[in-house]
Structure formats: C-alpha cells, structure tokens
Amino acid sequence: MRYSEMFLPTGREIPSDAEVVSHQLMIRAGMIRKLASGIYSYLPTGYRVIRKVEQIVREEMNRAGAEEVLLPLVQPAELWQESGRWVHYGKELLRFRDRHDREYCLGPTHEEVITDLVRHEIKTYRQLPKNLYQIQTKFRDEIRPRFGVMRCREFGMKDAYSFDTDEEGAGITYGKMFNAYNRIFRRCGLRFSAVEADTGNIGGSFSHEFMVIAASGEDSLVFCNVCDYAANIERAEIARPLQEKIDEKNLLPLEEVYTPGVRTIEDVSSFLQVNPQDVVKTLVFNADGQPITVLVRGNGDINPIKLKNYLGCDLLELATDEMIYQATGSTRGFAGAVGIKTEIIADYSLLELAMGNFVMGANREDYHIKNVNMGRDFEVKAFADLRLVKETDHCPRCESTLKFARGIEVGHIFKLGAKYSKAMRATYLDKNGQEQYMVMGCYGIGIGRTVAACIEQNHDEDGMIWPMPLAPHHVIITPVNINDKSQLIAAEDLYQSLRGKGVEVILDDRDGRAGIKFKDADLIGIPLRVTIGPKRLAEGKVEIRTRKSGDVETLPLKEATDFIIKCINKEMSCYA
C-alpha cells in the first residue's frame with residue numbers, strides 16, 4: 001500500500017476516555033473509532049490485524065478437526081427459555097420484539113442455537129463426535145463498557161461446540177482444544193498461561209481460561225513456580241488444613257462484651273485488642289430464598305463463586321436486613337454463630353489449630369462474644385473451601401508458596417457435560433439402540449481482546465511493537481525526501497520488489513518531514529522500517545531498523561529484499 005492512499009488517521013494526543021494503553025494506541029494509530037458506548041468501527045489497519053488473528057484461529061481449529069459454520073446473531077427466545085437461561089442470564093442479554101411481537105435476543109453466545117441445530121441432524125452414535133466452530137459477532141449489554149475493545153458490548157468471537165457420545169470422548173476433544181488454544185496464542189506471539197477457572201453463566205463442570213500476562217489485566221491469576229498449578233482468583237483452591245482438636249482444658253468461658261458501634265473486623269480487633277485472624281466473620285446469605293450462615297476467619301474473605309458452587313444454588317446474595325433479623329434477632333453487623341437460627345457452614349480456615357477461644361458477634365446490637373469455640377458453643381454442618389486465596393496461602397498441589405499476577409482473558413474452554421443436551425433433548429441412539437444425551441464442550445476466543453492483549457504486552461512510549469504474525473504490515477519504506485527523484489526511484493524499486501515476493505509493505509510516499517514519518521511508523525508498530533536517505537543512497541545503501549530492538553542494519557540496496565525476507569521468516573518461525 002502507498003501511505004498517501006491509505007485510510008490511516010493517526011494522532012498524537014492521548015484520548016481522554018482511554019484508560020489502558022491498548023485503547024489509547026488503537027485510537028491514536030487509527031485502528032478503531034468509537035460509534036457508541038462499547039461499540040467500535042475497525043478501520044483498515046485494525047481490521048488487517050483482526051483478520052490475521054482469525055486466520056491463525058481458523059488454521060488451528062481446522063487442524064484440530066473442527067468444521068466452520070456461521071450461525072445467526074438474532075436468536076428466538078424459545079431456545080433460551082428451553083435452556084433456562086432466558087431469565088438467569090441477566091441484563092447482559094439484549095432482548096427485543098419483532099413486528100409480530102415475537103421475542104428475540106442478540107446472541108451473546110450460541111450454545112442454544114448450536115444445540116438446536118445438532119439435535120435435529122444427529123440421530124445415532126455413528127454421526128459422533130462432531131466439533132463445529134464459527135467466527136461471529138456477539139452482543140453483550142455490558143453495564144460498564146471500558147478499556148476499548150477489551151470490554152465492549154459488540155465484539156468478534158470464535159466459538160466452538162463439541163458433541164461426543166460420552167465423558168471419555170468429551171475429555172479427548174477437550175484435550176485437543178486445549179492444545180489448539182496453546183498453539184493459537186503461541187502463534188499470536190503472546191505470553192500466556194492456561195489457568196483453571198469457574199464456568200460462570202456458561203455452566204458445566206470444568207474449564208480453563210487462557211490468560212495473557214499484563215499489568216493492566218482485569219483478572220487476578222494464581223500460579224505455582226514449582227508445579228504446574230494455575231487458576232484464576234475465583235477458582236483458586238485452598239487445601240484443607242489438618243484438624244487438631246484443642247485441649248478442652250484451654251477452653252475459656254464465654255464472655256459477652258459491650259462494643260458500641262463496633263461492626264467491622266478492623267474495629268472489633270482494635271476495640272478488643274485481638275488479631276483479625278482471631279475474629280470470626282458471621283455472614284448470612286440468601287441462597288435461593290433460604291438463609292444460610294457462613295463463617296470465615298477475620299483475615300479472610302468469602303469467595304461468592306466458591307460458595308454458590310458449593311451450595312448449588314441459582315441465586316446467591318447477602319441477606320436483607322429483615323432476613324438477618326429473623327436469623328439473629330439483631331441488626332446487621334453483630335451476627336454470630338451462637339444461637340443463630342440457620343444452618344452453619346464454615347470455611348476451612350476455622351479448622352486450623354489456633355482457631356479456638358475466638359471472637360464473634362453476639363446476635364445483639366452493640367455486643368460481641370469472646371472465647372467462642374466450635375462444638376461446645378455451636379455446631380457446624382460442614383466445612384469447605386469457601387474463601388478467596390491470599391498471597392500467604394500455599395499451593396494446593398505441592399504446598400509451595402503461591403504467586404500472583406494480573407492477566408487478560410483471551411480464551412475460555414468448558415466441559416459442559418449434558419447441561420444443554422438434557423435441557424433441550426439433544427439425544428442420539430447408542431450401539432444398543434438406547435437413547436442417550438450428547439456430551440458437550442464449548443470453546444471461545446475473543447478476537448478483538450486478543451489484539452488488545454497483544455498491544456498491552458508489546459508497546460513502548462512511542463507506540464505498538466507488533467509480533468510479526470499479527471503486524472498489519474511487515475515493512476514500511478520511508479524516503480527521507482519524496483521530492484528527491486533518486487530516493488523516490490529507489491523506494492519504488494524496493495517496494496515493487498518486496499510486493500513481488502509477497503511481502504506486506506507500505507511505501508510512505510507522503511510529502512512531509514522524515515521525523516513525522518518515523519513517528520507514525522513507530523506508533524503503528526511496523527516491525528521493519530527501511531530508511532532511504534541521501535547520504536546512504538549515495539553509497540548505494542539503505543538503513544533497516546527493527547522496531548522491537550531498535551537495531552539498525554546498513555546494507556546495499558540490492559541486498560535489501562533478501563535481507564528483509566530472511567528477517568520476516570526468522571521471526572515468523574519463532575512463533576510457529
């Protein structure tokens with residue numbers, strides 16, 4: 001392409017509403033423009049990068065045995081009502097009615113549509129397994145779109161859905177997709193980690209997120225440097241500690257203490273001169289309309305996702321003031337396990353040896369109780385891993401110290417089991433002619449998020465630094481003075497030579513200062529820049545600068561084409 005013919009509106013100013021680097025640079029480099037909140041247009045340079053990610057995804061999905069389809073964006077409400085998600089998915093599901101007053105939604109995902117397709121076409125085990133994928137526009141009505149294309153409402157996604165006869169086959173397919181995702185993100189030039197994750201609204205029994213390591217990441221991930229354990233903060237496990245019984249001779253009598261206006265763990269600890277870990281939080285939750293009391297040490301926090309999964313409920317939220325009063329006889333902030341009128345479950349942290357003679361609320365406003373002990377003063381129905389992991393926790397696999405990092409989720413794979421096939425009766429006849437439910441998996445990649453994550457990992461103060469596989473163009477040729485005929489001829493000859501070899505090249509034929517051209521080339525992040533200036537050209541030479549390292553090679557113009565091709569091939573091979 002000739003720069004003068006390109007639609008490439010670059011800018012120097014940082015947009016006021018752009019919070020993260022990828023958002024700032026994608027706007028400044030003319031890759032995207034905002035149409036509405038969370039909705040963006042991709043300009044030519046941005047779309048070229050999108051297409052490159054899509055091509056890598058297609059090649060690896062095809063290599064893994066998946067077939068590409070294209071499913072409708074507009075989906076009838078009946079399918080979502082069948083699966084039970086029409087109500088439970090929440091307000092992110094954009095619902096509307098057509099002229100005939102029939103209800104529809106814009107697809108945020110396609111489990112219902114693909115299950116409906118397959119249940120009508122597959123009848124017998126001989127037609128399984130199947131793995132179908134698409135690259136399609138999705139719409140999720142995010143309450144707070146932000147970070148540009150990282151968290152927007154309309155976005156491109158690759159989603160795949162597998163159908164197997166049993167769990168063993170589904171496990172094999174899951175493994176193929178796990179390996180395919182590793183290849184995809186490696187070929188995109190990303191530094192990433194596959195971590196265990198919660199299944200969320202999609203459902204199923206098991207999942208992995210593929211997280212790009214970046215300081216700007218919205219998600220926290222936990223990993224072990226000794227073994228291969230890794231999980232996101234919502235899923236990260238805490239091993240059950242050994243329970244040792246406290247000597248009854250050391251149990252102190254209950255003591256009710258007047259604590260006026262003292263509600264928080266910090267306030268209680270300060271007022272009673274005890275450590276936060278010697279206080280027990282007593283939290284009353286509403287689980288599908290029923291109150292449940294949950295205990296955790298004062299220096300820990302309940303993980304609502306772990307709790308919801310443990311209880312197996314659809315709705316989980318902190319109890320209302322009325323529900324708390326019915327359970328405790330007191331106002332919020334003074335709940336305790338002694339005499340409470342609900343079942344009690346406790347986090348593993350209460351099993352630790354030192355967890356005796358602790359402090360908790362007295363179920364009486366402005367009072368707490370000291371020297372509370374499990375078994376003697378109240379009974380716990382069950383213990384479970386219910387809290388958020390902390391940096392002082394140990395790996396649940398090998399007991400080594402855990403490490404924390406920030407990450408950007410770019411892919412997520414799920415073992416769905418029969419969640420959707422049972423709800424929507426997607427069955428097949430087995431070898432014995434018996435009807436069985438198909439076992440499903442689903443596998444998603446955020447295409448735009450992958451592009452943004454790549455920028456978050458690959459940039460400097462001057463702009464983007466694209467890995468060669470995703471670069472919108474591989475080379476930019478910059479004559480210092482376009483009005484110098486010798487420079488223009490040399491630039492044109494090299495441009496045509498590279499194009500003839502299939503190299504993606506820009507000829508910066510603008511009549512402007514060289515410094516501005518260099519700034520634009522760095523901003524856009526083109527991996528190689530060829531500078532044609534009067535001094536070097538008089539010697540029959542050109543300068544080739546590598547954007548990533550800043551290294552400059554000076555070599556004869558006639559050798560430039562071969563040198564550039566070798567550079568491109570060498571870097572491309574690093575990501576193969």
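Leu283 touches Ile292, Thr293, Val294 and Ile302, leaving aside residues up to four places away in sequence. Here "touching" is a contact, meaning heavy atoms within 4.5 Å. Leu283 itself lies in strand E14. Helices (H or I, at least four residues) and strands (E, at least two) are DSSP runs, numbered from the N terminus. With a relative accessible area of 26%, Leu283 is partly exposed. That label follows from simple cut-offs: buried means under 20% relative accessible area, exposed means over 50%, and partly exposed is in between, with a 1.4 Å probe and protein chains only. Leu283 and Ala337 are 54 residues apart in sequence and 9.4 Å apart in space, C-alpha to C-alpha.

Before going on, some ground rules. What you see is a predicted model, where local features need pLDDT of at least 70 and side-chain atom pairs count only at pLDDT 80 or more, while totals for chains, interfaces and linings use all residues. Residues are numbered from 1 along each chain as its sequence is written, and side-chain values use heavy atoms, with hydrogens and water left out.

**The whole chain**

Now zoom out. The chain has 15 helices and 31 strands, and its C-alpha atoms fill a box of roughly 95 × 65 × 50 Å along the principal axes. Of the 576 residues, 52% are buried. Take the contacts in the chain with a separation of 6 or more: residues 24 or more positions apart account for 69% of them.

What about the outside? The chain exposes about 26700 Å², and carbon and sulfur atoms supply 49% of that. These areas come from the Shrake-Rupley method with a 1.4 Å probe; for residues, only the protein chains shown count as cover. As for charge, there are 75 positive and 83 negative side chains, and the centres of the two sets lie 4 Å apart. Lys and Arg count as positive and Asp and Glu as negative, with His and the chain ends not counted. Each charge is placed at NZ of Lys, CZ of Arg, CG of Asp or CD of Glu.

**Along helix H6**

Helix H6 covers residues 167-187, and Glu168 is found there. Is Glu168 buried or exposed? At 62% relative accessibility, Glu168 counts as exposed. Glu168 and Ser37 are 131 residues apart in sequence and 44 Å apart in space, C-alpha to C-alpha.

Asn182 also has its place in helix H6, but with a relative accessible area of 17% Asn182 is buried. Leaving aside residues up to four places away in sequence, Asn182 touches Phe192 and Phe210.

**Rings that meet**

The structure holds 11 aromatic pairs. Rings of Phe, Tyr and Trp (its six-membered ring) pair if their centres lie within 6.5 Å; planes under 30 degrees apart count as stacked, over 60 as edge-to-face and the rest as tilted. Two of the edge-to-face pairs are set out below.

| Pair | Centre to centre | Angle between planes |
|---|---|---|
| Tyr181 and Phe185 | 6.0 Å | 80 degrees |
| Phe358 and Phe378 | 6.3 Å | 65 degrees |

Tyr181 and Phe185 are 4 residues apart in helix H6, so they are separated by about one helical turn. Both Tyr181 and Phe185 are buried. Phe178, Tyr181, Phe185, Phe192 and Phe210 form one aromatic cluster.

The other pair ties together parts that are 20 residues apart in sequence, because Phe358 lies in strand E18 (residues 358-361) and Phe378 in the loop between strand E19 (367-372) and strand E20 (382-384). Phe358 is buried at 1% relative accessible area, and Phe378 is buried at 6%.

The charged end of Arg95 sits over the ring of Trp86, 4.9 Å from its centre, and the charged end of Lys415 sits over the ring of Tyr174, 5.3 Å from its centre. To count, NZ of Lys or CZ of Arg must be within 6 Å of the ring centre and within 35 degrees of the ring normal.

Most residues other than glycine have a negative phi, and most peptide bonds are trans. The peptide bond from Leu128 to Pro129, though, is cis, with omega near 5 degrees. Pro129 has its place in the loop between helix H5 (111-121) and strand E7 (130-139).

Gln273 has a positive phi, near 60 degrees. Gln273 lies in the loop between helix H7 (265-272) and strand E14 (280-287), and counts as exposed at 67% relative accessibility.
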